[in-house]
Amino acid sequence: MSSIFQELEDDAPGEQNVGSEVRKRSWQRYASMGRDQLRVLSQDTLFNVASTILLFFTALAIVGPLIAPHRPQERLYKENGVLIDQWAEPAFMSSESTHLLGTTAQGYDIFSQLIYATRPALIVGFLAAVLTVSVGTSVGLIAGYYGGAVDQILMRIVDFAYGLPLLPTVIVFVAIIGPSFENIVLGIVLLQWRGSARVIRSQVLSLRERPFVKAAKITGASDLRIIVRHIAPNVLSLSFLYASFAIGWAILTEAGVSFLGLGDPNRVSWGTMLQSARAYSAVAEGAWWWFIPPGICISLVVLSGFLIGRAYEEIVQPELRMS
Amino acid sequence: MLQVNDLDVNYESSEGIVQAVDGVTIELNEGENLGIVGESGCGKSTLAKAILGVLPSNGYINSGSIEFRGTNLASLSTREQREYKWEEISMIPQSAMNALDPVYTIREQIIEAVDIHRPDEPNPDSIVDEMFNLVGLDPNRADQYPHQFSGGMRQRAMIAMSLALDPALILADEPTTALDVIMQDQILNRISSIQDDIDSSMLIITHDVAVVAETCDRVAVMYAGEIVEEGTVDQIFGKAYHPYTLGLQNAFPNVNKPDQDLISIPGYPPNLADPPTGCRFADRCPMATEECEQESPSLNQVDAVNADHRSACHHSDRIDTDLRPKAQQAETWSEEVTQ
Amino acid sequence: MTLLRVQNLKKHFRTESGLLTDITNKIRGKKPEYVHAVDDVSFELAEGETLGIAGESGCGKSTTGMLLAKLYEPTEGEIFYRGDKFSSLNGKKLDEYRQNVQMIFQDPFESLNPSMTVYDTLAEPLRMFNYSHKKNRIYRVLDFVGLRPPEEYINALPGELSGGMRQRVAIARALILDPDFIVADEPVSMLDVSLRAGVLSLMNDMTEEFGLSVVYISHDISLLQHMCDRIAIMYMGKIVEIGSAEEIVANPMHPYTQALINAVPVPDPNQDRSRVELPGEVGDAVNIPEGCRFKHRCPEYIEGVCDQEPALEEKTATGPDRKVSCHLYD
C-alpha cells in the first residue's frame, strides 16, 4: 500500500473537504461547451438567419393559437351571416377582405390555419428527429461495440431499411395503421434511424480500439459501462448533427403524407392545407394565397433545419476524431 | 550552397500571428551535412518547408532570404521554384506512408517525378532500377504498390524517389523517427553511402541528437523559433555552450554510459503567438538573470578561437565554470530555477 | 516472491475473419491463416522487479503486454498471478486482479477519453470499485505525478493539456487504485525528448513509492537498460534472450540482440560503434520458417543445426539467470 494513500484509510469516515467545490459538474461542462459552440456558430451568417427563422416559428408554435384571429376550422360567414365567406382574397389584395391571407373554399381563415399548423409541423419534426436519432445511435453503439454476429444482423436490417424508400413506405404504413400524427411520426422513425445507425457505428468501431477504452477494460469496466460512459459521449455531437438533418426530413415527409391525403384529419397542418387546396382546385381558381403560404412555411423551416445542420457539421467535422 | 539569412516565417492562426521561425540564419556548404536539432514546436519543420517552398496556406515568409547557390528561392514564383525542387533540392519526408500515392506503383511514381524534370530522359526505367539497387531494394518489386511494401521498405522507396534526379541538396525531415532501430540504422547507412556516390549535401532535421551525432558535420540547435547554438559536431557534443543544448544532451540515454542520470528540463516552450521579450529560454534556464529576461541574446562566437561555434546566450563566459560541470546533476535543473 | 509466471503463452490472430470468409474457405479447402503474434513465451516476474521487453515492431511485445493485462485471452498457455491461474480468475479474485494491474499506453493523445475531465477520468476507476475519499485520492495522486496544484487540472479536458501532462494523467489513472503491477507500453516514445526524462523519473518514483512490479515494453534498448532490472528480447513472437539489464547490454549473446544493440545510435560523435548490418527484414509472422526464426538473417547461421528450433534455456557459457535461445551456445 502506498504511503500517499495510507492516511486516507485512517481518516474518519465521510469525505474531508479537500479544496472547495472546484469541480465542475458534467452539465456545467456540457453547458459551457455548448456556449462555446454557439459562439463559433454565430459567426456564420447563414446559421444566424436559419436559427432566427426557426426560433420565430417555434415562438409561433407556442403562442400562435393565442394570437390567431380565428380557429383553423371555424367556418366564417360574410357580414350578412348567411353566406359562407369562401374564396375570400387576402386583405392586401382586396379592400373589402378582413382576412390577412384570405379564406379557403370552406370559409376557413388561411392565416389562422397557417399559424395553427406550425405546432404539429414542429412537433413532428423534433419528435421524429429525437426518436430517429435515439434509435439510430443505440443501434450504432451496439453494432459497433459488439461486432460479430450482432453487428452483422443489425447491419443487414439497416441495409433492408435502406432498400425501402421513405415516403412511399410511410404512406403505406399510415394507410394501414391509420392516419394520425403519431403514426406518421412512427412511420418516419421506422426507416430514418438507418442513416445515423451506420455513421455512429463506424465512429464506434474506431473509438473502441482507442487506448482509453482499453484502459477502462483493464480496470474491469463492464461493456455497458464502457458504452455509456466512454463511447456514447464521444458520438453525441454526431448524433446532434443527424438530429438536425432529421428534423427537415421529418417535416417534409409529414407534409408529403398529408398532401397525399393520409394526414391527420382532425388537425390542420401545412400539408393538409396543401391537400385541401388541391382538392378544391385552388390552382385553377387562381387562389395562390391558399397554397403558396404553406409551401413557403414548409420550405423555410426545412431549409433552416438543414442550414443549421450544415453549420454544425463544420464544427463537428474537424473534431470528429477527438469529439 | 544554401544560405538562409535572417528568415522570419509566420503562421496566421486563430490566436494571432505565430512567429514560428524568427531571424534564423544558417549556412550549408557543398558536400557538408548539417543537422537541425530541436523538439516539436521549435520551428525546424517550418524551416524545412520554407526552404522547399511548401508552407501551408496560412504560412508565409515575412522577411529574410533563402539562397541556394546564389538564387533567392523565396523570391521565385511557384513555377520557377518547381524547377529547383526534386532536381536540385529534394526531400525525404518523415512518414513515407503519407508521401506515397497508394494507387500508383512505385515505378510509376518515380518515373512521374523524372518526367516532370527531365522530359527528354531516354531511359527512366534504368534510373528506377539504379535507385532501387542503391537503397537495397529488389528492382523487380518496383512494379508493386506501396501497401505491398513494409514500413522500412517504403521509406527506402521514398529515398529512392527523392534521389532519382541526383539532387545537390537532400532535405531529410525526421527520416528515421517512424522506424525501428535496426531499420533506422540500415537507412542511415544507405543515405551515407548514397551521399558519397552522388556527391550531395544533406540537411537533416530531427529531434534525435544521437542521429545527428553520427551523420552530421555541423549542427544547429533550435529552440522556440530561433537558433540558439551552432557549431561542428565535435564542438557541440564536446563542449556545448548553450544551456538548452546541455539540457538536451542530458535527455538522451547513452548505451555505453548506463549510469548517467536522465534529466529533463522543467517547464514548457513559450507560446510563439506571444513570444516573451528577452531570451526565450530564460524561464527554464538555471542560469537566467534579469538581463536574460529583458534582452534577447544574439548569436555570438563562444570563444576567440572557434569562429564557427556560436551560441545565443548572455552568459557564455560563465558556462565553462558555472553550468557545464553541474549540467549532469539533476539538482541543477530542478524547479526553483531563476535566481 | 513471484508475482507473475507466464507459461508457454501463445496468441494467434486470424488474418481474415467473418462468416463469408469461413464459408468460402471451406469451399476452397483453404485452411485459416494465423498471425503468430506471441508464440510460446515463458518467463517470471518477481515482486518489485522491473522487466523490460525489447524488440522491433511486430515481435509480439505489445501483444504480450496486453495478455498480461488480461485484455486478450491467450490462444494457448497460461499466466499465473500470485499462483492463481488467469483463466480461473473470476468474481472477487478477478476484481482484485483488475485493481492490481494497470497499463500505461504509448499515445498520450489517445489514452484519455476526450470528453472526460481529468477528475472524471481519475474518478472512474474509483467509482467502479466503490472507493471512498475519492476527491482526496485524486488530489493526492495528481500531486504525486507532478500536476500541481491539483485544482488547476481537475476540470481540464485532455484537449487542453500537452502531451507530457496527458501522460502524467494516464500515469495517475494507473496509480489511483494502488496497483501492484503495471504494464507500460512505450510510455515515452511519443513525448518530446526533453520531457521524457521527467516522465521516466516519475516512473522510477512510482515504482519505489508503490512497490510496483513493472513490465516495460519498448523498442529502445538504451531506455530499458536505464529503467529495468532484467530485459527480455523478443523476435517474431518468441523470447530469444533474457537476463539482467546490465549483462544483456554489455554482453549480448544472441546474434539478434547483438545487432539490436549495435544499431542504437550513440549521441557522441567520437564513439564509433561496430556495425553489423542485418540483411532482409523481419520474417512473415504468418508463415513461420522451420527451426530458428532468425536463421535467414543470422550472420552465424549454421547449416542444418539452425533448422531445428532452439530452446530458451540457460547455457553453460552464460551463467545463471541468463537464458539464450541459440544453437551457438549448445
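This is a predicted model: local features need pLDDT of at least 70, side-chain atom pairs count only at pLDDT 80 or more; totals for chains, interfaces and linings use all residues.

A: Two residues are taken to be in contact if their C-beta atoms, placed from the backbone, lie within 7 Å. Where they meet, ten residues of domain 1 of chain B are in contact with seven residues of domain 2 of chain B. On the side of domain 1 of chain B that touches domain 2 of chain B, two elements give two or more residues: strand S2 (16-28) and helix H8 (209-215) of chain B. The most is given by S2(B), with five residues. Divided by class, that side of domain 1 of chain B has five nonpolar, four polar and one charged residues.

The surroundings of chain B come next. Chain A and chain B are joined by no contact, and their closest C-alpha atoms lie 12 Å apart. Chains B and C, by contrast, have the most contacts among the two pairs of chains that touch. Here 34 residues of chain C are in contact with 35 residues of chain B. Four helices of chain C each supply at least two residues of the side that touches chain B, namely H8 (193-210), H9 (221-227), H10 (245-250) and H11 (255-262). H8(C) provides the largest share of that side, eight residues. By class, the side of chain C that touches chain B divides into 17 nonpolar, ten polar and seven charged residues.

Chain C also holds a sheet. Seven of its strands form an open sheet with mixed pairing, in the order S6-S7-S8-S3-S9-S10-S11 (chain C). Strand S6 (101-104) and strand S11 (323-324) of chain C stand at the edges with a single partner strand each, so one side of each has no neighbour in the sheet. Helix H7 (residues 163-175) of chain C packs on the sheet, where it touches S6 and strand S7 (181-185) of chain C. The direction of H7(C) makes about 175° with that of S6(C). Elsewhere in the sheet, strand S9 (residues 230-235) and strand S10 (residues 238-244) of chain C run antiparallel and are joined by six bridges. In this pair, C:Arg230 stands opposite C:Ser244 in S10(C).

Conventions. Residues are numbered from 1 along each chain as its sequence is written. Chains are lettered from A and ligands numbered from 1 in the order in which they are written. Ala, Val, Leu, Ile, Met, Phe, Trp, Tyr, Cys and Pro count as nonpolar, Asp, Glu, Lys and Arg as charged, and the others, Gly among them, as polar. Two strands pair if DSSP finds at least two bridges between them. Axes are lines fitted to C-alpha atoms, for helices over the stretch in contact, and angles run from 0 to 180 degrees between N-to-C directions.
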